[in-house]
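This report walks through a few parts of one structure, taking a helix, a strand and an annotated region in turn. Please keep the sequence and the model in view while reading.

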Amino acid sequence: MLHAADTQSPLLSMEAVDKWYGAFHALKNINLTVRKGEKIVLCGPSGSGKSTLIRCINALEKIEKGTIMVEGTKLDDSGKSIDAVRREVGMVFQSFNLFPHMTILENCTLAPMRVRGTSKADAEKIARKYLERVRILDQAEKYPAQLSGGQQQRVAIARALCMEPKAMLFDEPTSALDPEMVKEVLDTMIGLARDGMTMICVTHEMGFARQVADRVIFMASGEIIEEAPPETFFRNPTHPRTQAFLGEILAHH
Amino acid sequence: MGVIGQSEMLFLLQGLKWTLLLSAIGFIGGGVFGLVIALARTSGRSALRKTAAGYISVFQGTPLLMQLFVVYYGIGLLGVSIEAWAAVAIAFTLHASAFLGEIWRGGIQAIPKGQTEAANALGLHYVSRMKDVVLPQAFKISLPATVGFLVQLIKGTSLAAIVGFIELARAGQIVSNQTYRPLLIFGIVGAIYFIICWPLSLYGARLENRMAKAAR
């Protein structure tokens, strides 16, 4: 794998980030730098804060302490900084969250038209391009409920790509899928990674992590416990909690 | 006993015209303000939420008859002379907006949080998030209850008689007093209400059925 990414300036950074839900300390002193083109896989037991972490990056969750920078924009409470970040960062959810009352094509054209002011004709052209890329263009006129879970998730990826983001966040994108559909979504993500997209993926798909990740990050109890390239991470995990977690998850795969 | 002739029937139809007009004004006015109430009720600002909740409580917690009374004489007390139909239209708009606002509030809150989050993640702002994503789904869910309220509203217009407004029920009363045939007249009046309201009720029930099936 090429590591051209290493020489570039950070696309995204989190510095000393803390987050609480009431009294619950959800993120503890998170420091993370992601360079352009880097692929990060975040894993850890449920409740470890990995979803919360990526949801803070596009301001779906507010942080109480620390700094988040995306493409030179410091994320604060202002609508302007949130807009700027969301324009550059796409997100794919565990439960797809497609808009059920719109066709696949309309799902993909809405944001470019409303947020970027793209004309309908241009937005459709962009949408068709990305639907083609996730190999689902033939379903463009259907509604989400007419598609399988795997197809819906690929549409969700295309919908995010239509905003032409600089980075993509994946929040357990295959966890809600039937086993036979996991592969088609992972293949789409691998394709995206090959094309140089900056990606942060919360996932338990360790095969995917091995194949595309530049770094695997293990979280537990709201902290980053261990961080390493996949070969090192899987072969020589140093922290006992990482070892325990890997022992458990790999036993099932 | 008097005869029920063409002029009596015409008088009833005049009343029917006002009943339909009042219902339409109440429904349209109530729809517009009801949307404002529903949005305020689901707003991120607690002052707006509380104001809307108070407004809804007042209009759901008092009889429509009293609301008509208060608006009609209340505006008069302010020294503004107002025609009966205008006062009644205002009262019905206020009344309907509270009920529709609450119905649609429920619809908005029934939309999964993931929809708003996806819209947010795509960078959509409040107006587009509501107009394009949340409201179309919320209205669809709320349609049976909305139709049900419309039926209530049509029948409720009969209360406008209290401030001297001659709508269908009041017209029936007048004709009945002239002809001394209350049973026949109110039979006709009742049948007219039924012909309007029953198809709407049926339509509402069918919508509900279809949604229950789709949700299965």
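## Helix α9 of chain A

In this predicted model, the face of α9(A) that is turned away from its buried side carries the exposed residues P240(A), E248(A) and A251(A). The buried residues of the helix are T242(A), F245(A), L246(A) and I249(A); because they cover an arc of only 95° around the axis, they lie on the same side of α9(A). An α-helix has 3.6 residues a turn, so residues three or four places apart point the same way.

The cover over the buried residues of α9(A) includes β3 (39-43), α7 (206-212), β9 (215-220), β10 (223-228) and α8 (230-235) of chain A.

Strand β8 of chain A, residues 198-202, is mostly covered, with 5 of its 5 residues buried. T198(A), I200(A) and V202(A) point one way from the strand, while M199(A) and C201(A) point the other way. In a regular strand the side chains alternate between the two faces of the sheet.

β8(A) pairs in the parallel sense with β3(A) over 4 bridges, and M199(A) is the bridge partner of K39(A). Strand β7 of chain A, residues 167-171, also pairs with β8(A) in the parallel sense, over 5 bridges, and here F170(A) stands opposite C201(A). Between β7(A) and β8(A) the chain crosses through helix α6 (residues 179-194) of chain A, in a β-α-β crossover that is right-handed.

## An annotated region in chain B

For chain B, an unreviewed UniProt entry lists residues 16-204 as "domain: ABC transmembrane type-1". Over these residues the chain is 84% helix and 0% strand, and the end C-alpha atoms are 22 Å apart.

Key. Residues numbered from 1 in each chain as written. Chains lettered and ligands numbered in written order. Predicted model: local features only at pLDDT ≥ 70, side-chain atom pairs only at ≥ 80, totals over all residues. Heavy atoms only, no water. UniProt positions renumbered as here; feature names shortened; annotations may be inferred. Helix = DSSP H or I, 4+ residues; strand = E, 2+ residues; numbered from the N terminus. Buried < 20%, exposed > 50% of the residue type's maximum accessible area, 1.4 Å probe, protein only. Arc of directions from axis to C-beta. Contact = heavy atoms within 4.5 Å. Pairing = 2+ DSSP bridges. Right-handed = clockwise from strand over helix to strand, strands pointing away.
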